[in-house]
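Here is a friendly walk through one protein model, taken region by region. Please keep the sequence and the 3D view open as you read.

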Amino acid sequence: MTRTLLALGNLLPDEMAFLEQHFRVIRLWREQDPEAVLQQERMNIVAVLSIAGVPVRTHLIEALPNLEIIAQNGVGVDNIDLKFTATRGIAVTNTPDVLTDDTADTALALLLAVARRVCEGDMYVRVGKWANGPMPLGTSLAGKTAGVVGLGRIGHAIARRCAAFGMNIAYHGRSKKDVPYTYYDDVKVMAEASDFLILACAATPQTRDLINYDVLEALGKRGILVNVARGSVVKELDLLAALSNRTIAGAGLDVYQNEPNVPEALISMDNVVLLPHVGSATLETRTKMGQLVVQNLMAHFEGRPLLTPVAV
Ligand code: 8YV
């Protein structure tokens, strides 16, 4: 009998087509009455394909007594109730490594865009302001200090890129690592010593609201915040206040607390650059992520070791 997979999000067409050959795929977001479909299919579902921002919490997992595996199309798994999957013995996989470079590129794109006023400059030309005089000056990257929060795979890749731009690197995380960068066990102290604060940590209870008004004040009037981690790492109201009263100079954001809803206040600010959670959104990387999702699912049901299991 063909196994039933509950898809909470899409992969690219080739990978979805491959899944369709091996599973009966329920695309929940396409269903008119998702609750009714879940009720009807709950005993059949053995696999879930999940994505960032769509919660896989206790009540959903409880409703699926035969669930064996959750394959997340992404590296962050903060949307999944990992304690509960562990108690039920449900396997969880994610897609690390393949998205590291693109996500790090996104962080640098945001930093450059804010510091060098790229979006503002584009608009300046398009609306014909150039003829009236030059734009306000930007901020150099070379010689500045980038404070990276979370020196995991993506944080490392960001640090390497910042170093290539001539920046000094500081980092904050749970532990000091064997790297030629300056470690801070206190994020506020690091912010004080940094020109740019770049968030690349996992969203955990420990990192929730880590970046509050105090930290932003420490970053200072010329400081820039970049977030490619998760919205939950920043106290969004504090960020809005710090941006509107120019406690910090600007921010480049790829992630928000309540995606896809972006606070109205941010939309009208001229010192921010806003992206719609596109850290891994290239054709190449999304293809590799989808392939990894598929390979993990196939490995599980063929009794082979998972390629990228999430350790609990
Ligand atoms: C998303 C991400 O997974 O990897 C992550 O944790 O946040 C992104 O790559 C992607 O948007 C697909 O859901």
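Leaving out residues up to four places away in sequence, Thr 100 touches Arg 153, Ile 154 and Ala 157, where contact means heavy atoms within 4.5 Å. Thr 100 lies in helix H5; helices (H or I, at least four residues) and strands (E, at least two) are DSSP runs, numbered from the N terminus. With a relative accessibility of 10%, Thr 100 counts as buried. Here buried means under 20% relative accessible area, exposed over 50%, and partly exposed in between, using a 1.4 Å probe and protein chains only.

A word on the ground rules: this is a predicted model, in which local features need pLDDT of at least 70 and side-chain atom pairs count only at pLDDT 80 or more, while totals for chains, interfaces and linings use all residues. Residues are numbered from 1 along each chain as its sequence is written, and side-chain values use heavy atoms, with hydrogens and water left out.

## Two nonpolar cores

A nonpolar core is a set of buried Ala, Val, Leu, Ile, Met, Phe, Trp, Tyr and Cys residues joined through side-chain atoms within 4.5 Å. The largest one has 31 residues, and those touching the most other members are Leu 111, Ile 158, Cys 162, Met 167 and Ile 198. Two or more residues each come from helix H5 (100–115), strand S6 (145–149), helix H7 (153–164), strand S7 (168–172), strand S9 (196–199) and strand S10 (224–227). H5 gives the most to this core, with 8 residues.

What does Ile 158 contact, leaving aside its neighbours within four places in sequence? The list is Ala 104, Ala 107, Leu 108, Val 148, Ile 198, Ala 200 and Val 228. There is also a second, separate core of 30 residues, which includes Leu 219, Leu 239, Leu 243 and Met 269.

## A parallel sheet

Now to a sheet: 5 strands form an open one in the order S2-S1-S3-S4-S5, with parallel pairing. Two strands pair if DSSP finds at least two bridges between them. At the edges are strand S2 (23–27) and strand S5 (91–93), each of which pairs on one side only. From one strand to the next, the twist averages 20°; axes are lines fitted to C-alpha atoms, for helices over the stretch in contact, and angles run from 0 to 180 degrees between N-to-C directions.

Strand S3 (residues 45–50) is joined to strand S4 (residues 69–72) by 4 bridges, and the two run parallel. In S4, Ala 71 is the bridge partner of Leu 49, and Ile 70 is that of Val 48. Helix H1 (residues 13–22) packs on the sheet, touching strand S1 (3–7), S2 and S3, and its direction makes about 125° with that of S2. Helix H2 (residues 34–41) also packs on the sheet and touches S1, S2 and S3, with its direction at about 155° to that of S2. S1 and S3 pair in the parallel sense over 4 bridges, with Leu 5 opposite Ala 47 in S3. S3 is mostly covered, as 6 of its 6 residues are buried.

## Around Leu 240

Leu 240 is found in helix H10 (residues 236–244). Is Leu 240 buried or exposed? Leu 240 counts as buried because its relative accessibility is 14%. Apart from neighbours within four places in sequence, Leu 240 is in contact with Pro 263, Ala 265, Leu 266 and Met 269. Leu 240 and Ala 265 are 25 residues apart in sequence, while their C-alpha atoms are 7.1 Å apart in space.

## Backbone points to check

Most residues other than glycine have a negative phi, and most peptide bonds are trans. Asp 97, in the loop between S5 and H5, has a positive phi of about 70° although it is not a glycine. At 49% relative accessibility, Asp 97 counts as partly exposed. Asp 209 likewise has a positive phi, near 60°, and is found in the loop between S9 and helix H9 (213–219). Its relative accessible area is 28%, so Asp 209 is partly exposed.

Finally, a cis peptide bond joins Glu 259 and Pro 260, with omega at about 5°. Pro 260 is found in the loop between strand S11 (250–253) and H11.
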